[in-house]
Amino acid sequence: MQTVLVLNGPNLNMLGLRQPEVYGRETLADVEALCRASGAGHDLAIEFQQTNHEGQMIDWIHQARGRVAGIVINPGAWTHTSVAIHDALIAAEVPVIEVHISNVHRRESFRHHSYVSLVAQAVLAGFGTHGYVLAISHFARQLQGSKG
């Protein structure tokens, strides 16, 4: 069974509490359950992680190299600030889909730039937590296509 790594950056552990008018009321546990159900529906294993520590995120990305079929990443605020995560994603040589719960382009101007988008094959923003499902489904479709 192929594995998709779902990575979540800083403050996403506060989903359901932090700015529900922007991020909704679903918790990170709800998102994890959603991702696992989506993966199971596509015969994909899901590894789900969240951290508020950039070095930990980079370590998980490095460990993905040669081991997972794809990375779904919601880098949170690191989207706009982290060249280190950008570089780690390049080094991992794994397909990447960037996900944002809110539409970052309808928010503050500093959120309009993404270092991760430069590496990602696709970006999903503003679909709420359903963006994770869309990303996992996309990887499943790609993997199915590669099987013939």
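Q: In which loop is E93 found?
A: E93 is found in the loop between helix 4 (83-92) and strand 4 (96-100). Helices (H or I, at least four residues) and strands (E, at least two) are DSSP runs, numbered from the N terminus. The model is predicted: local features need pLDDT of at least 70, side-chain atom pairs count only at pLDDT 80 or more, and totals for chains, interfaces and linings use all residues. Residues are numbered from 1 along each chain as its sequence is written, and side-chain values use heavy atoms, with hydrogens and water left out.

Q: Why is E93 called exposed?
A: The relative accessible area of a residue is under 20% if buried, over 50% if exposed, and in between if partly exposed (1.4 Å probe, protein chains only). E93 has 61% relative accessibility, so E93 counts as exposed.

Q: Why is N11 called partly exposed?
A: The relative accessible area of N11 is 36%, so N11 is partly exposed.

Q: What makes the protein as compact as a globular protein of its length?
A: The secondary structure comes to 5 helices and 5 strands, in the order β-α-α-β-α-β-α-β-β-α along the sequence. The radius of gyration is 14 Å, close to the 15 Å that the globule rule gives for 148 residues, so the protein is as compact as a globular protein of that length. The radius is taken over C-alpha atoms, and the rule is 2.2 Å times the number of residues to the power 0.38. Along the principal axes, the C-alpha atoms fill a box of roughly 45 × 30 × 25 Å. Buried residues make up 47% of the 148 residues.

Q: How do you know that strand 1 and strand 2 pair, and in what direction do they run?
A: Two strands pair if DSSP finds at least two bridges between them. Strand 1 (residues 2-8) is joined to strand 2 by 7 bridges, and the two run parallel; therefore they meet the definition of a pair.

Q: What makes the side chains of strand 2 alternating?
A: In a regular strand the side chains alternate between the two faces of the sheet. Along strand 2 (residues 44-50), L44, I46, F48 and Q50 point to one face and are buried.

Q: Why is V4 called buried, and which residues does V4 touch?
A: V4, found in strand 1, has 0% relative accessibility, so V4 counts as buried. Contact means heavy atoms within 4.5 Å. Leaving aside neighbours within four places in sequence, V4 is in contact with L44, A45, I46, E47, G70, V72 and F139.

Q: Why is F139 called buried?
A: F139 lies in helix 5 (residues 130-146). The relative accessible area of F139 is 2%, so F139 is buried. Beyond neighbours within four places in sequence, the contacts of F139 include V4, I71, P95, I97 and Q121. F139 and I97 are 42 residues apart in sequence and 8.8 Å apart in space, C-alpha to C-alpha.
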